[in-house]
2 protein chains.
Amino acid sequence: MTPITAYKKLEKYFGRLLALREASGMLHWDAATMMPKSDAAATTRSDQIAALGGVCHEILNNTETSDLLDEAEDQNNLDKWQLANLREMRHMWVHASAVTGDLIEALSKASMKCEIKWRTARTGSDYEGIKPLLSTVLQLVKESAVAKSEVLGCSPYEALMDEYTPGLRQETVDPIFSDIEKFLPNFLQAVLEKQATMGQPIIPKSPFPLDQQRTLGQLLMKALGFDFNQGRLDVSLHPFSGGTPDDLRITTRYNEDDFLSGLMGILHETGHALYEKNLPKKWRHQPVGEARGMDMHESQSLLIEMQACRSREFLTYAAPLMKKIFKREGPEWEIDNLYQIYSTVNPGLIRVDADEVTYPAHIILRYNIEHALISDKMTLNDLPNVWNDGMFNLLGLKPTDHGNGCMQDIHWFDGAWGYFPSYSLGAMAAAQFFDAAVQSNSDILPSISLGNFGPLYDWLTKNIHSRGSLYETPELIKLATGKQLDPSIFKRHLTQRYLT
Amino acid sequence: MTPITAYKKLEKYFGRLLALREASGMLHWDAATMMPKSDAAATTRSDQIAALGGVCHEILNNTETSDLLDEAEDQNNLDKWQLANLREMRHMWVHASAVTGDLIEALSKASMKCEIKWRTARTGSDYEGIKPLLSTVLQLVKESAVAKSEVLGCSPYEALMDEYTPGLRQETVDPIFSDIEKFLPNFLQAVLEKQATMGQPIIPKSPFPLDQQRTLGQLLMKALGFDFNQGRLDVSLHPFSGGTPDDLRITTRYNEDDFLSGLMGILHETGHALYEKNLPKKWRHQPVGEARGMDMHESQSLLIEMQACRSREFLTYAAPLMKKIFKREGPEWEIDNLYQIYSTVNPGLIRVDADEVTYPAHIILRYNIEHALISDKMTLNDLPNVWNDGMFNLLGLKPTDHGNGCMQDIHWFDGAWGYFPSYSLGAMAAAQFFDAAVQSNSDILPSISLGNFGPLYDWLTKNIHSRGSLYETPELIKLATGKQLDPSIFKRHLTQRYLT
């Protein structure tokens with residue numbers, strides 16, 4: 001009998017670890033969709049999730065795992081996938097071993113507690129009420145960031161980004177963001193001027209009954225390739241995509257007055273879900289079988305939402321469905337009119353409602369602030385003013401309360417610092433992937449007009465989804481598109497959609 | 001600084017363990033209520049639950065925990081609750097350390113797989129199709145039973161019962177069951193003869209819309225003390241009670257033609273939920289803070305369902321609600337008529353639909369069979385015939401297929417062997433508790449007629465719920481009722497309800 005190699009032992013440990021992380025993910029989904037809204041239920045849930053986090057941390061952070069990693073890295077019998085799997089295991093190990101289990105458990109509990117409180121505090125614009133909890137979260141995040149930065153040999157803020165988008169450093173982000181920051185003001189000005197010369201689009205009259213919105217959403221999800229034997233659509237305060245590749249759980253929030261916001265939530269989360277669905281089955285519950293970081297995940301949701309499903313081709317297919325399901329007729333349902341609504345640029349206070357032109361401004365604001373908070377260049381006492389000033393400088397707007405200001409996003413309250421850059425990097429990658437896809441297969445766009453997303457689905461599965469974490473991000477982008485991440489493709493996309 | 005004692009360390013470990021078990025419970029709830037019905041989702045879920053089971057097992061089954069238990073048992077500074085907590089920890093440890101983690105993980109996976117398959121196989125009466133999976137489950141259960149029996153110094157079957165009802169042995173069960181077995185035939189005969197002399201009750205006409213059934217159920221749950229800020233009511237194939245004391249998740253199944261079956265499911269599970277709700281808060285996530293075994297749990301569900309909510313007093317309160325919610329009038333809603341429906345004895349094939357007179361026969365059949373299967377006195381090839389013959393001998397009935405025969409219950413397919421006796425022991429304890437309660441407080445019954453369950457709720461909280469696992473079962477029964485478990489009280493209850 002061949003002895004079990006170090007690598008094979010690691011596969012077993014990481015298999016359990018990822019199954020436990022999935023369990024934790026399900027508990028998060030339940031907390032956001034099904035759980036009674038009481039403090040006691042929330043506390044219990046945070047205990048459960050913290051216990052799971054502690055256990056996961058211990059699986060990674062022990063002498064045996066560490067020895068096995070060293071040993072496996074000396075094996076010379078691993079194939080390409082196994083080597084990538086080992087690389088990803090090491091990456092997880094670095095993040096885990098840099099911090100104590102107590103810190104992780106404390107951070108998990110503090111985040112859960114703060115996030116629950118945020119749900120009500122946001123509505124009441126109660127920044128002073130949430131600040132002590134947020135301060136605890138930030139303190140623990142910083143502690144973790146400093147510890148990890150020492151192992152990774154990077155800045156504390158980079159260590160945070162590295163968790164969501166492995167390998168991401170400021171030397172990559174800064175030039176891209178400053179390029180966009182320079183591009184935006186004039187471009188936005190030009191778009192707004194062009195818009196001013198056009199007539200106003202006709203807004204379809206509300207209300208749109210929620211069950212009809214749900215029916216439309218489900219229909220489009222199916223067309224995109226979502227299988228309801230393999231997942232659910234529910235409602236939560238903040239749309240998200242959870243579950244597992246076999247049991248995808250996406251959520252949205254409906255607004256009776258505006259069916260597009262709920263629908264776009266659905267399309268966005270469906271993009272995330274399709275990525276999960278088509279990850280390599282052979283590598284389920286192994287690190288290399290997981291999605292390639294949060295920027296790539298966001299590229300998939302934005303590719304569906306912003307690239308595919310805001311195209312004229314999509315509207316050619318979707319507009320008749322909308323009319324049928326909402327039982328409406330009239331010029332407001334013409335494709336040109338809907339396209340104009342879809343591509344209206346309207347600088348606003350809320351990131352999740354932002355159009356794709358102003359979206360990067362929201363991200364740059366958050367990137368600068370979280371970077372400054374983690375690096376002790378500002379404190380939470382400064383946050384509301386810095387936010388409000390930043391919003392004014394970037395988009396000429398002033399929040400009317402903290403709910404549409406610095407308390408609008410779940411991320412900081414939930415302990416997800418260093419996450420925001422993924423959104424804009426994802427948006428740029430989405431433009432680049434979609435561009436490469438439609439260039440490589442001229443059927444993609446015409447098929448979308450017919451409600452056939454198959455050619456796009458196949459391109460994404462082959463070039464992105466099925467590769468899991470086999471390649472590091474820059475290599476994945478290059479293999480799929482022939483070049484590195486290139487913000488000029490994103491700018492070209494914006495120019496084509498908004499100025500031509 | 002005082003050094004942390006062994007006992008305090010154990011509290012920390014068991015706190016995590018019980019939080020992880022709760023996580024596993026939530027995943028079970030989700031699988032039964034929310035999860036898409038696909039094999040892949042089920043497999044993934046069973047992987048998650050198995051991973052949790054493996055981790056829980058390792059928390060118990062390691063040298064440190066074992067040493068700490070020895071050390072804590074030598075401490076002389078523990079109070080009554082701490083001592084009981086330690087006793088329960090040791091009980092959990094014995095069950096865990098007797099078997100390997102691999103066996104537990106294998107059993108968890110096999111049970112989950114078998115249970116999922118059972119859901120469809122039962123409908124198709126496909127015993128041959130489920131037999132291989134059931135055989136794997138039984139083999140693993142036996143292996144576990146034998147290992148535990150050696151440590152506990154009891155028979156393998158007793159080792160299984162001990163898991164659900166700590167301390168339960170055949171010397172307790174056998175005389176009680178044989179007492180009932182002797183009592184039943186003549187008693188049943190007498191009840192059926194008496195019934196034959198009475199007119200038939202008028203059955204309210206179906207259909208009963210499901211949303212009205214849900215409304216009625218929720219209203220009665222609230223009256224009983226269930227708080228919807230602290231729990232949910234959902235639908236599953238097999239009614240059950242899950243969740244945590246802060247987040248109670250009960251389920252039922254509705255039948256448009258018979259509102260009583262769904263309602264009784266709700267009332268039964270509410271009884272379970274109230275027990276969980278009122279467990280000692282101070283001891284949350286500690287073994288002593290948990291419910292006292294499955295027989296006591298069943299006593300609480302049956303006390304609500306069979307004792308409190310089949311009384312004339314309950315009907316005095318509930319009948320007007322039923323009329324109002326179902327928008328009905330007529331003589332079928334008279335209390336006497338409903339009481340007659342409620343107390344109709346009708347020997348049938350299905351345990352969960354059985355009246356309380358014939359219910360013990362169903363249990364005795366299962367007790368004898370599972371005991372014989374575990375002791376290798378019969379095999380799964382014999383099961384259908386032994387079942388059918390036993391059913392004929394006990395109740396004079398022959399199953400028409402395996403779905404209403406040996407495949408009707410989830411338990412064996414889900415790995416829960418040795419569980420069935422709890423039902424009838426619970427029924428007897430329920431009669432004894434209710435008898436003691438109404439004798440100690442003459443307000444209990446009159447209050448129920450007014451929809452005020454407060455006095456009963458208070459008695460249960462004080463005498464049962466708030467005691468958690470402080471006392472061993474015989475002591476708990478004695479403290480609450482002044483005597484040991486006494487089947488004559490159950491027989492008296494049956495005689496009063498069905499023959500007077």
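1. Helices (H or I, at least four residues) and strands (E, at least two) are DSSP runs, numbered from the N terminus. By that naming, B:D409 lies in the loop between α15 and α16 of chain B, a loop taken up again under point 8.

2. This is a predicted model, in which local features need pLDDT of at least 70 and side-chain atom pairs count only at pLDDT 80 or more, while totals for chains, interfaces and linings use all residues. Residues are numbered from 1 along each chain as its sequence is written, and chains are lettered from A and ligands numbered from 1 in the order in which they are written.

3. The relation between the two chains comes next. Chain A is superposed on chain B by a rotation of 180 degrees with 0.0 Å of shift along its axis, at an RMSD of 0.0 Å. The two copies are thus related as by a two-fold rotation axis. The same surface serves both copies, since 97% of the contact residues of chain A recur in chain B. The superposition is by least squares on the C-alpha atoms of residues with pLDDT of at least 70 in both copies.

4. At the interface, 31 residues of chain A are in contact with 30 residues of chain B; contact here asks that the C-beta atoms of two residues, placed from the backbone, lie within 7 Å. On the side of chain A that touches chain B, the elements giving two or more residues are α1 (6–33), α2 (39–60) and β1 (231–235) of chain A. Of these, α2(A) gives the most, with 9 residues. By class, this side of chain A has 14 nonpolar, 9 polar and 8 charged residues. For these classes, Ala, Val, Leu, Ile, Met, Phe, Trp, Tyr, Cys and Pro count as nonpolar, Asp, Glu, Lys and Arg as charged, and the others, Gly among them, as polar.

5. Within chain A, which angle do helix α8 and helix α20 make where they pack? Helix α8 (residues 170–197) of chain A and helix α20 (residues 487–499) of chain A pack at about 5 degrees, with their axes 11 Å apart. That makes α8(A) roughly parallel to α20(A), a term for angles under 35 degrees, with over 145 counted as roughly antiparallel, 65 to 115 as roughly perpendicular and the rest as oblique. Axes are lines fitted to C-alpha atoms, for helices over the stretch in contact, and angles run from 0 to 180 degrees between N-to-C directions. Among the residues of α8(A) that meet α20(A) are A:F183 and A:F187, and the α20(A) side includes A:L494 and A:Y498. The contact of α8(A) with α20(A) has 10 nonpolar, no polar and 3 charged residues.

6. The sheet of chain A is open, with 3 strands in the order β1-β3-β2 and mixed pairing; two strands pair if DSSP finds at least two bridges between them. Its edge strands are β1 and β2 (241–244) of chain A, each pairing on one side only. β2(A) and strand β3 (residues 247–252) of chain A run antiparallel and are joined by 4 bridges, and A:G243 has A:L248 as its bridge partner in β3(A). Helix α10 (residues 259–277) of chain A lies across β1, β2 and β3 of chain A, at about 160 degrees to β3(A).

7. In chain B, 3 strands likewise form an open sheet in the order β1-β3-β2, with mixed pairing. β1(B) pairs with β3 (residues 247–252) of chain B in the parallel sense over 5 bridges, and B:L233 stands opposite B:I250 in β3(B). β2(B) and β3(B) pair in the antiparallel sense over 4 bridges, and a hairpin joins these two strands through 2 residues. Is β3(B) mostly covered or uncovered? β3(B) is mostly covered, with 6 of its 6 residues buried. A residue is buried if 20 or more other C-beta atoms lie within 10 Å of its own, exposed if 12 or fewer, and partly exposed in between, with C-beta atoms placed from the backbone.

8. B:I410 is found in the loop between α15 (383–395) and α16 (421–440) of chain B. With 19 C-beta neighbours inside 10 Å, B:I410 counts as partly exposed, and B:D409 also counts as partly exposed with 19 such neighbours. B:I410 and B:E115 are 295 residues apart in sequence but 6.9 Å apart in space, C-alpha to C-alpha. Leaving aside neighbours within four places in sequence, B:I410 is in contact with B:E115, B:W118 and B:H238. The C-alpha atoms of B:D409 and B:P239, 170 residues apart along the chain, are separated by 12 Å.
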